[in-house]
Amino acid sequence: MLDLGQIATQLLRRLDPETAHEIAIHSIAYGLAGRGKADHSALKTHALGLTFPNPIGLAAGFDKNARAVRGLAKLGFGYIETGTVTPRPQPGNPKPRLFRLINDHAIINRMGFNSCGIDRFCQNLTPLFRPNKEGHVQAAGVPLGINLGINKTGADPLTDYPALVGRVKSYADYITINLSSPNTPGLRDLQEVDMLSRLLEAIQTAHPDRPPLLIKLAPDLEDEAYGPILQAAIDGRADGLILTNTTLARPESLTSSHRTETGGLSGAPLATRARDVLKLVADLNKGRLCLISSGGIESGRDILDRLKMGANLVQIYTAFIYEGPAALTRLKQELLQEMSRDGIRSLASLPR
Ligand SMILES: Cc1cc2nc3c(=O)[nH]c(=O)nc-3n(C[C@H](O)[C@H](O)[C@H](O)COP(=O)(O)O)c2cc1C
């Protein structure tokens with residue numbers, strides 16, 4: 001039998017995707033979307049100097065303006081990544097810009113960093129923090145990542161990213177610099193090694209006291225490009241990589257009528273490439289940087305495979321859109337079953 005959350009998720013699927021998204025954000029922010037059970041201790045994960053109750057995070061782009069962090073944490077995510085936030089507010093691309101490819105278990109989006117801007121974003125975060133003796137404590141109860149981007153026009157990445165890091169460093173448990181959205185012209189060029197090195201140096205010089213810094217990469221680079229980027233990230237004192245953002249590729253297997261829409265493809269058809277990029281980078285990484293795997297994760301088996309391949313944590317987005325909060329309960333149950341099948345008593349005991 002369907003529970004209330006599942007019924008609500010089915011109803012939302014009948015609405016246009018952006019309206020459904022707005023309703024979902026508001027319901028979650030007001031605590032109407034329910035609460036997950038406490039996590040099994042076997043799922044506890046340590047990474048980036050932080051402790052995560054489970055390794056399943058919400059990927060960036062769902063709560064772009066940090067409006068529902070506490071409600072999302074209650075649903076049972078092991079951590080939440082908010083953003084992408086840009087320096088100045090901007091509306092993003094004209095609608096429609098979000099398409100469900102239901103038969104393909106996929107989404108195409110060309111949102112284009114619709115953002116309330118960093119000032120409003122920080123105001124939205126303020127109620128999440130309570131003062132204490134050490135400064136302030138974050139009340140969501142799970143680690144909070146903040147994902148940073150640049151405006152479509154008038155951007156200067158070498159100034160903008162350090163400035164954004166300065167604005168969010170006291171709120172974030174980790175910070176992601178997003179260099180891989182396909183919908184902001186020129187953004188993916190920042191993955192080029194010389195530019196990346198200059199960017200990391202500018203951030204490091206301005207904010208040596210920052211929280212852990214991750215770089216989110218595209219799946220559409222040549223295989224040979226990932227090694228030098230990994231090295232530049234290590235040399236530039238980054239702490240991790242998120243692999244991967246959405247793809248511009250359109251696998252032959254897609255059947256939905258929206259498959260020709262412009263934008264980034266996420267969900268099941270991204271899984272193979274996201275896994276391949278993870279494997280490639282994890283083999284070179286040898287445990288030096290924290291790796292977060294994102295792209296087409298739909299089952300507990302997917303999660304365990306990615307963790308065994310070298311990911312420290314995973315993130316989901318499209319599966320959460322299609323299944324709602326029930327996805328988390330299912331994924332965690334399946335993950336525990338797969339762990340017991342593989343003789344893994346706890347995620348903390350996985351070799352790194
Ligand atoms: C509608 C939508 C908006 C997104 N917005 C962002 C964003 O603002 N910043 C970002 O780094 N990734 C963004 N992403 C990418 C996701 O964070 C995630 O990396 C990607 O969807 C792959 O995971 P999935 O296959 O589980 O969806 C977005 C994805 C979707 C579907």
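Modeller: Buried means under 20% relative accessible area, exposed over 50% and partly exposed in between, with a 1.4 Å probe and protein chains only. Helices (H or I, at least four residues) and strands (E, at least two) are DSSP runs numbered from the N terminus. This is a predicted model, in which local features need pLDDT of at least 70 and side-chain atom pairs pLDDT 80 or more, while totals for chains, interfaces and linings use all residues. Residues are numbered from 1 along each chain as its sequence is written, and side-chain values use heavy atoms, leaving out hydrogens and water.

Colleague: Which residues of helix H4 are buried, and what arc do they cover around the axis?

Modeller: In H4, residues 118-125, the buried residues are Ile 118, Phe 121, Cys 122 and Leu 125. An α-helix has 3.6 residues a turn, so residues three or four places apart point the same way. Judged by the directions from the helix axis to the C-beta atoms, these four lie on the same side of H4, because they cover an arc of only 95°.

Colleague: How far is the side chain of Ser 294 from an oxygen atom of the ligand, and how much of the ligand does the protein bury?

Modeller: A polar contact is a pair of N or O atoms within 3.5 Å, and an N or O atom in the side chain of Ser 294 is 2.8 Å from a ligand oxygen atom. Accessible areas come from the Shrake-Rupley method with a 1.4 Å probe. Taken alone the ligand exposes 610 Å², of which the protein buries 97%.

Note on methods: Polar contact = N/O pair within 3.5 Å; in protein donor to acceptor, adjacent residues only side chain to side chain.
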